[in-house]
Amino acid sequence: MITEGMSKRMAKECLAMRVRRLNRVVTKIYDASLRPLGLRTAQQTILVAISLMKTPTPTDIERRLSLDKSTVSRNVDRMHRRGWVEFVPGEDGRSHYLKLTAKGAKLLGESTALWQLAQKKVAFLLGKEGVTALSRMLSTFGAE
């Protein structure tokens with residue numbers, strides 16, 4: 001049985017809890033900045049990945065961004081309904097690739113200034129040392 005003292009220690013010191021909480025705080029800042037475009041951070045991240053990878057499969061996106069299959073599927077379906085991405089059939093007829101539509105590319109371009117505002121806010125909150133540490137940790141894990 002866990003003691004109250006151990007629960008308090010875990011709540012105060014657990015790195016996983018702290019990283020998850022930081023993720024929620026940072027995501028809220030970006031989501032608030034992107035809201036005027038009807039875009040969320042997760043969707044912008046996927047749009048960026050598609051633009052860089054040209055015609056990735058959903059699995060490629062999952063791997064590149066370390067996302068769950070359901071997260072990618074849910075967001076890609078929403079983005080497809082909004083006309084931001086299209087499905088390009090694969091050669092085998094069973095698979096498909098993702099491609100930015102003109103509307104999706106335009107949206108990504110329009111989001112740049114809003115993204116820059118959010119980026120400045122988060123960089124200010126983390127401080128130079130925090131930004132440097134974050135970059136260092138992600139490159140150590142091969143996630144950058």
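Predicted model: local features only at pLDDT ≥ 70, side-chain atom pairs only at ≥ 80, totals over all residues.
## Overall fold

The protein has 144 residues, of which 26% count as buried. Its secondary structure comprises 6 helices and 2 strands. Read from the N terminus, the order of the elements is α-α-α-α-α-β-β-α.

The C-alpha trace spans about 55 × 40 × 25 Å along its principal axes. Among contacts in the protein with a separation of 6 or more, 47% come from residues 24 or more positions apart.

## Helix H2

Helix H2 covers residues 15-34. With 20 residues at 1.5 Å a residue, H2 should span 28 Å, and this agrees with its end C-alpha atoms, which are 28 Å apart.

The buried residues in H2 are Ile29, Tyr30, Asp31, Ser33 and Leu34. The cover over the buried residues of H2 includes H3 and H6.

Serine 111 belongs to helix H6, which runs over residues 102-140. Is serine 111 buried or exposed? Serine 111 has a relative accessibility of 1%, and because buried means under 20%, this residue counts as buried. Its side chain makes a polar contact of 2.8 Å with the side chain of glutamine 44. When residues up to four places away in sequence are not counted, serine 111 touches Leu34, Leu37, Leu39 and Gln44. One of these, Leu34, is among the buried residues of H2.

Glutamine 43 lies in helix H3, residues 41-53. Glutamine 43 is also buried, with a relative accessible area of 1%. Which residues is glutamine 43 in contact with, leaving aside its neighbours within four places in sequence? They are Gly38, Asn75, Arg78, Met79, Arg82 and Trp84. Of these contacts, Asn75, Arg78 and Met79 fall in helix H5 (69-81).

## Tyrosine 97

Strand S2, residues 96-100, contains tyrosine 97. The relative accessibility of tyrosine 97 is 31%, so this residue counts as partly exposed; the cut-offs that apply are 20% for buried and 50% for exposed.

Not counting residues up to four places away in sequence, tyrosine 97 touches Thr55, Pro56, Thr57, Glu86, Phe87, Val88, Pro89 and Gly90. Tyrosine 97 and glycine 109 are 12 residues apart along the chain, and their C-alpha atoms are separated by 22 Å.

## Largest pocket

Rolling a probe the size of a water molecule over the atoms shows where empty space is left. The volume of the largest pocket is about 2,300 Å³. The lining has 47 residues, and those closest to the centre of the pocket are Asn23, Val26, Thr45, Leu134 and Leu138.

Which elements give two or more residues to the lining of the largest pocket? They are H2, H3, helix H4 (58-65), helix H5 (69-81) and H6. H6 gives the most, with 15 residues. By residue class, the lining divides into 22 nonpolar, 14 polar and 11 charged.

H3 and H6 take part in covering the buried residues of H2, and H2, H3 and H6 are among the elements that line the largest pocket.

How values were computed:
Residues numbered from 1 in each chain as written. Heavy atoms only, no water. Helix = DSSP H or I, 4+ residues; strand = E, 2+ residues; numbered from the N terminus. Buried < 20%, exposed > 50% of the residue type's maximum accessible area, 1.4 Å probe, protein only. Polar contact = N/O pair within 3.5 Å; in protein donor to acceptor, adjacent residues only side chain to side chain. Contact = heavy atoms within 4.5 Å. Expected span 1.5 Å × (residues − 1). 1 Å grid on protein atoms, 1.4 Å probe; cavity = no way out; pocket = protein on both sides within 12 Å on 5 of 7 lines; lining within 4 Å. Points joined across faces, edges and corners; volume = space filled by probe spheres on them. Nonpolar A, V, L, I, M, F, W, Y, C, P; charged D, E, K, R; others polar.
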